[in-house]
Amino acid sequence: MAAVLGFPLVRVVVLSFQDWGLAQIFTDRAPEFAAGRNYRRIVTDRAFWSALRRTVVLTVAMVALSMAAGVSIALLMERVPAWIRRAVTFVLVLAWAVPSFVSTQVFAWMTDQNAGVLNSLLGLGRHNWYIDSAQGLSVTTAIVVWGAVPFIAITTYAALTQVPAEIVEAARVDGATGWQVLRRITLPVIRPVLVILTALSVIWDFQVFNQIWILRNAAPAPGYQTLSIYSYVKAYQGHEYGYASAVAVVTVLLLLVVMVFYLRRIVRAGEGS
Amino acid sequence: MRRWVFGALGIAVLVIWAFPVYWMAVTAFKPGREMFAVPPRLLPANPTLANFGHVLSDGEFWRSAQNSLIVAACTVLAAMAFAFLASLALARFAFRGRRALLVALIVVQMVPHVALVIPIFLTLGPLRLTDALPGLVISYLAFALPFAIWTLRGFVAGVPRDLEEAAMVDGCTRMGAFRRVVLPLIFPGLVATSIYTLILAWNEYLLTYFLISSPEHYTLPLWLTHFITTEGTEYGPLMAGATLIATPVAVFFALVQRHLARGLTAGAVKG
């Protein structure tokens, strides 16, 4: 079993040290050993560095926005009448269930230049959202946040219900304000869940693919290329499998710190229960 | 006062998260002329089923649906067979490297799929399995198995060992105890895990796009994203198709969403 799961991972590392192109696919010629050539190329590759910068900025924006919105919604759910809470839960589960390739198409339609509902709501006339990649990527961010918030909000809400009511009650009796209760009691109790959610969000948002690829009709301009997209384009269109693998390996290595952190948390949470 | 502010905010959240889904469904019921009305109408004036008719009379839609069903069904069956045995081994038997294997299960799920696409593509190539449905099943398994084993293991570990031992004391054989006591108890887990795997296989896009090139092997996600005719994007039929594809997912998802959240956050890696 470990062999089946580990095999692709090992192979991608091996590939990243080889010269692999169309010639190898069509002629069965053995790939040449490239030593560190692919990695040296990364260091001097301008497109790689700008993709890396874009990926980091996007990830930070997506994680910050989805965590802020998700936690706020969870706190809000505690404070609204039961019928609104039930309706919000229903809608969030519905939004969570929508596959990302579907939601991306829906957002593409909502931001359509000629008949998109967003232009009409904002009174923008025939604004094209995709000429400027910064605006296009903000649509991507909206799709990702829209899709990520349900999981964060519902999980945080579940954690909030674990906050002992007696302690909150006692603090109130002692004269604590709502803000103090939130900072001194609620947040410390749900902190472990928030940490795990943040780590997971970083891991997921760093590798966002569908929401950019489909939004840009499977041909994202350089201004839209994140590390995942860059590696995919190099392999799919450029047939530079060795180089694309090297980019993918670097992506994994960059995520490794967050992964190890998440793993430790998960293992510790498991031992505690 | 506070109540009203919170209530209003709650309704705002409701509207923002419901709107895209609503807009998809409403567009699907609009006739072509209304589609491009400026300003867009929030409700169709003359609701029509024409867009659904368009999709359902499209041979490519049915072929893609058939491909999706075949691939998803095979993936679920194979994944369950493997995951069931693996989760039993992981939950019930102590063996060397068990902990390492558990950790590996989580790690593999975190690796970006883009990093797995190239090795899978180049491995399936010489076997003539790229651009073929069996190749899809094999590669979906690589994605689906870790999560399936992980979730199922949680269910198996939840059945107290004492229960099994009590059945054996009362005269059941080991297999008998397993069949009469353990299996019925983990059956809900099997169902939940099958449904995740089903959704995962049904939704897979990134890898499928890379592997599949001929339209007769398209799955539904590929069909939906290639739905651009020579006259440009026809959003009516597109949204009708999106609604048809997303509806079964939403229904199944609602059934198992609780387990999903638990599997992702509470590790349950008990020693």
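Which residues of chain A does UniProt assign to the feature "transmembrane region"? The unreviewed entry places this feature at residues 56-76, 88-110, 137-160, 181-204 and 241-263 of chain A. The views below show a predicted model, in which local features need pLDDT of at least 70 and side-chain atom pairs count only at pLDDT 80 or more, while totals for chains, interfaces and linings use all residues. Residues are numbered from 1 along each chain as its sequence is written, chains are lettered from A and ligands numbered from 1 in the order in which they are written, and side-chain values use heavy atoms, with hydrogens and water left out.

**View 1. Overall organisation of chain A.** Chain A contains 13 helices and two strands; helices (H or I, at least four residues) and strands (E, at least two) are DSSP runs, numbered from the N terminus. The C-alpha trace of chain A spans about 80 × 55 × 35 Å along its principal axes. Of its 273 residues, 52% count as buried, where buried means under 20% relative accessible area, exposed over 50%, and partly exposed in between (1.4 Å probe, protein chains only). Contact requires heavy atoms within 4.5 Å. Among contacts in chain A between residues at least 6 apart in sequence, 64% join residues at least 24 apart.

View 2. In the unreviewed UniProt entry, the annotation "domain: ABC transmembrane type-1" covers residues 52-262 of chain A. UniProt positions are given in the numbering used here, feature names are shortened, and annotations may be inferred rather than shown by experiment. The span 52-262 of chain A is 77% helix and 0% strand, and its end C-alpha atoms lie 22 Å apart. Residues 56-76 of chain A are 100% helix and 0% strand, with 30 Å between the end C-alpha atoms. For residues 137-160 of chain A the composition is likewise 100% helix and 0% strand, and the end C-alpha atoms are 33 Å apart.

**View 3. Helix α5 of chain A.** This helix comprises the 16 residues 82-97 of chain A and reaches 23 Å from its first C-alpha to its last, close to the 22 Å expected at 1.5 Å a residue. The expected span is 1.5 Å times one less than the number of residues. The buried residues of α5(A) include Ile84(A), Val88(A), Val91(A), Leu92(A) and Trp96(A).

**View 4. Surroundings of Thr104(A).** Thr104(A) is found in helix α6 (residues 100-110) of chain A. Its relative accessible area is 0%, so Thr104(A) is buried. When residues up to four places away in sequence are not counted, Thr104(A) touches Ile143(A), Asn210(A), Gln211(A), Ile214(A) and Leu215(A).

View 5. Arg41(A) pairs with Glu240(A) in a salt bridge, the closest N and O atoms being 2.9 Å apart. This pair links distant parts of the chain, 199 residues apart: Arg41(A) lies in helix α3 (residues 37-44) of chain A, and Glu240(A) in the loop between α12 (227-236) and α13 of chain A. Glu240(A) also forms a salt bridge with Lys234(A), with 3.8 Å between the closest N and O atoms. Arg41(A) is partly exposed at 33% relative accessible area, as is Glu240(A) at 25%, whereas Lys234(A) counts as buried at 19% relative accessibility.

View 6. Glu60(B) and Arg63(B) form a salt bridge, the closest N and O atoms being 3.6 Å apart. Because the two are three residues apart in helix α4 (residues 59-92) of chain B, Glu60(B) and Arg63(B) are separated by about one helical turn. Glu60(B) counts as partly exposed at 36% relative accessibility, and Arg63(B) also counts as partly exposed, at 33%.

**View 7. Interface between chain A and chain B.** In this interface, 82 residues of chain A are in contact with 76 residues of chain B. The area buried between the two chains is about 6,900 Å², of which carbon and sulfur atoms give 82%; buried area is the accessible area (1.4 Å probe) that two parts lose on being put together, summed over both. Helix α13 (residues 241-272) of chain A contributes 14 residues, the largest share of the side of chain A that touches chain B. Between chain A and chain B there are zero salt bridges.

Methods. A salt bridge is a side-chain nitrogen of Lys or Arg within 4 Å of a carboxyl oxygen of Asp or Glu.
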